[in-house]
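Student: I have a new structure to look at. Can you walk me through it?

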Amino acid sequence: MEDEQGGASVDNIVNEFETYESFLDSQVTSLDLYYLEVRAVLGSDPLPTLERPCCATAHEDEELARQLVELGYRGSGEVLKREEFEMRKAAAEAARLAKKSQKK
């Protein structure tokens, strides 16, 4: 029974999120991004000034946050690999199309 609930949870994930990146983004908190930004600033200069640009861009921080979620180090939910997400997404779309064609 637990397996069925886990499968239903994953199916909800693929139905809720259009892309794998949006799924990963949903698990990243503003606090995660804050710490990544602090890491980037401190990594570039132990005493950064406001005028000096940070070594990492916001986009790079977001990418790193996504990688951390994908690897299971961060995130508030289930770890789901890209391949599994895409496979489930394709299966959900096929089921939706099959259901739609049966109604005709």
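Here is a short chat about salt bridges and a surface patch.

Tutor: Keep in mind that this is a predicted model.

Student: OK. How many salt bridges does a search of the whole structure find?

Tutor: The search finds five.

Student: Which residue forms a salt bridge with Glu21?

Tutor: Arg82 does, with the closest N and O atoms 2.7 Å apart. The pair links distant parts of the chain. Glu21 is in helix α2 (residues 20–26) and Arg82 in helix α5 (residues 82–103), 61 residues apart.

Student: How exposed is Glu21?

Tutor: Glu21 is partly exposed, at 27% relative accessible area. Arg82 is partly exposed too, at 28%.

Student: And what does Asp25 pair with?

Tutor: Asp25 forms a salt bridge with Arg66, and their closest N and O atoms are 2.6 Å apart. Arg66 lies in helix α4 (residues 58–70) and Asp25 in helix α2, so the pair ties together parts 41 residues apart in sequence.

Student: Is Arg66 buried or exposed?

Tutor: Arg66 counts as buried because its relative accessibility is 14%, and the cut-off for buried is under 20%.

Student: Where does Glu63 come in?

Tutor: Glu63 forms a salt bridge with Arg66, at 2.7 Å between the closest N and O atoms. Both lie in helix α4, three residues apart, about one turn of the helix. Elsewhere, shared partners join Glu21, Arg82 and Glu86 into one network of salt bridges.

Student: New topic. Which residues form a nonpolar patch on the surface?

Tutor: Leu31, Tyr34 and Tyr35 do, with about 360 Å² of accessible area together. Leu31 sits in helix α3 (residues 30–44). Leu31 is partly exposed, at 48% relative accessible area.

How values were computed
Residues are numbered from 1 along each chain as its sequence is written. This is a predicted model: local features need pLDDT of at least 70, side-chain atom pairs count only at pLDDT 80 or more; totals for chains, interfaces and linings use all residues. Side-chain values use heavy atoms; hydrogens and water are left out. Patches are made of residues with over 30% relative accessible area and no salt bridge: like charges are joined within 9 Å, nonpolar side chains (Val, Leu, Ile, Met, Phe, Trp, Tyr) within 5 Å. Accessible areas come from the Shrake-Rupley method with a 1.4 Å probe; for residues, only the protein chains shown count as cover. A salt bridge is a side-chain nitrogen of Lys or Arg within 4 Å of a carboxyl oxygen of Asp or Glu. Helices (H or I, at least four residues) and strands (E, at least two) are DSSP runs, numbered from the N terminus. Buried means under 20% relative accessible area, exposed over 50%, partly exposed in between (1.4 Å probe, protein chains only).
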